[in-house]
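Please look over the structure shown here. What can be said about its salt bridges and buried residues?

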Amino acid sequence: MPLGYKYLRRLLLENSCHVLQKTPGWSPSHRHSKWSHRSFAYLTIKDRIPQILTKAIDTLHRHKNEMFEKHGEKGIEAEKKAISLLSKLRNESQTDKPIVPLVEKFVDTDIWNQYLEHQHSLLNDSDGKPRWFYSPWLFVECYMYRRIHEAVIQSPPIDDFDVFKESKEQNFFESLESITALCIHLLELLKTVEHLDENQLKNEFFKLLQISLWGNKCDLSLSGGESSSQKTSIINSLEDLKPFILVNDMEHLWSLLSNRKKTREKASIVRVDIVLDNSGFELVTDLTLADFLLSSKLATEVHFYGKMIPWFVSDTTIHDFNWLIEQVKYSDHKRVSECGVNWENYVKTGRWVYHDHIFWTLPHEFCAMSQVAPDLYAELQKAHLILFKGDLNYRKLTGDRKWEFTVPFHQALNGFHPAPLCSIRTLKAEIQVGLQPGQGEQLSASEPNWLTTGKYGVFQFDGPL
């Protein structure tokens, strides 16, 4: 079976990733002890999660008439049921109730419930069951979004309703000015791309990488679902933003792809995989980068990975991916529309391939992927380079542990090495590795919240060149 069910029981009981508890440089942050009232994890569960749930309830309520028109009284009853389930979930989180198993049958229900059993097994008998404020932050946050999905699929005929769709589309429309500027920049670049010398090509590659990095600031889960659009063009701000890149491995990415371009046979494939984060403006920056990779012949195909279900408010699903390309294609602006036509053509001709997989919305760290989802791990191994966008991917890459800042990225990955990979993220969680000695402490002294504001970013590479 695709998710490796036969491995799950053993994996969840042994949980090979947790061997890192004895690794130098790690401390058991957010693991079955109540979080500090000052921690970002605590504030997420205390404030942001109820805010996100309230917004989801409000969205359902505002679509009541639409549900009635489409489904009649059954639609109204379903809307009431979904709201009731989400209200119950909000109460459970706010009052620190035990975390309960999932009940609605779905492709991942058994895996989630086995993982919950595993969390229970880590507790002492006196601790009782895992609870909202006494469980690993990554697990609790993922669990909340999975419960939102459960509330919807328990409420047919509205069981395909995306409570975050409106927010994601709003982000896109509010960012149109920046999207237009980016599309024009790309098309002007593509006119001359074949005539650029190596140094010019490298500089343009670095520019689009940085645009993709700073596009990662547009995260609706961080703002509790409130608007986080990109209203100003970031193309002209890249030089000013460079000092805020704490780890810059862009040269490694260039070396890897440019060397492959020089040495590959005409018919051979160079594949870059992008594990997506947010839809809206950030997705446009990722598609712009992907277009450049093909046009510059640094890659011959790009594979994208998104979520199977609505996730962390703004994460990209197949609907978001297709919807955005369609919006760009049918734009009133001729140059924007031209990009959309090109992107649709890449999809139709198989040069862009979109994948989804249920593993991306499980609570597991990526070091468990080879056992829990061996088919996905094998697919990633086909890539020559994997770009992991955003904070949630970084947390799963590094096990969401409170590492010392100087611990090497390779060590924090704990054996997850399907192919050369690079994390491209702006910092929005209290975790960062691979810094120079004293760098993290200096930032902590001058800016206490530097880990969570999205002001700083990294390009963090792992793998042979």
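The questions below go from the whole chain to single pairs.

This is a predicted model, in which local features need pLDDT of at least 70, side-chain atom pairs count only at pLDDT 80 or more, and totals for chains, interfaces and linings use all residues. Residues are numbered from 1 along each chain as its sequence is written, and side-chain values use heavy atoms, with hydrogens and water left out.

Q: What share of the protein's residues count as buried?
A: Buried means under 20% relative accessible area, exposed over 50%, and partly exposed in between (1.4 Å probe, protein chains only). The protein has 465 residues, and the buried share is 60%.

Q: How many salt bridges does a search of the whole structure find?
A: A salt bridge is a side-chain nitrogen of Lys or Arg within 4 Å of a carboxyl oxygen of Asp or Glu. Over the whole structure, the number found is 33.

Q: Which residue forms a salt bridge with Arg401?
A: Arg401 is buried at 1% relative accessibility. The closest N and O atoms are 3.1 Å apart, and the partner is Glu365.

Q: In which strand does the partner of Asp391 lie?
A: Asp391 and Arg425 meet in a salt bridge of 2.7 Å, N to O. The pair links distant parts of the chain, 34 residues apart, with Asp391 in helix α17 and Arg425 in strand β6. Helices (H or I, at least four residues) and strands (E, at least two) are DSSP runs, numbered from the N terminus. The strand is β6.
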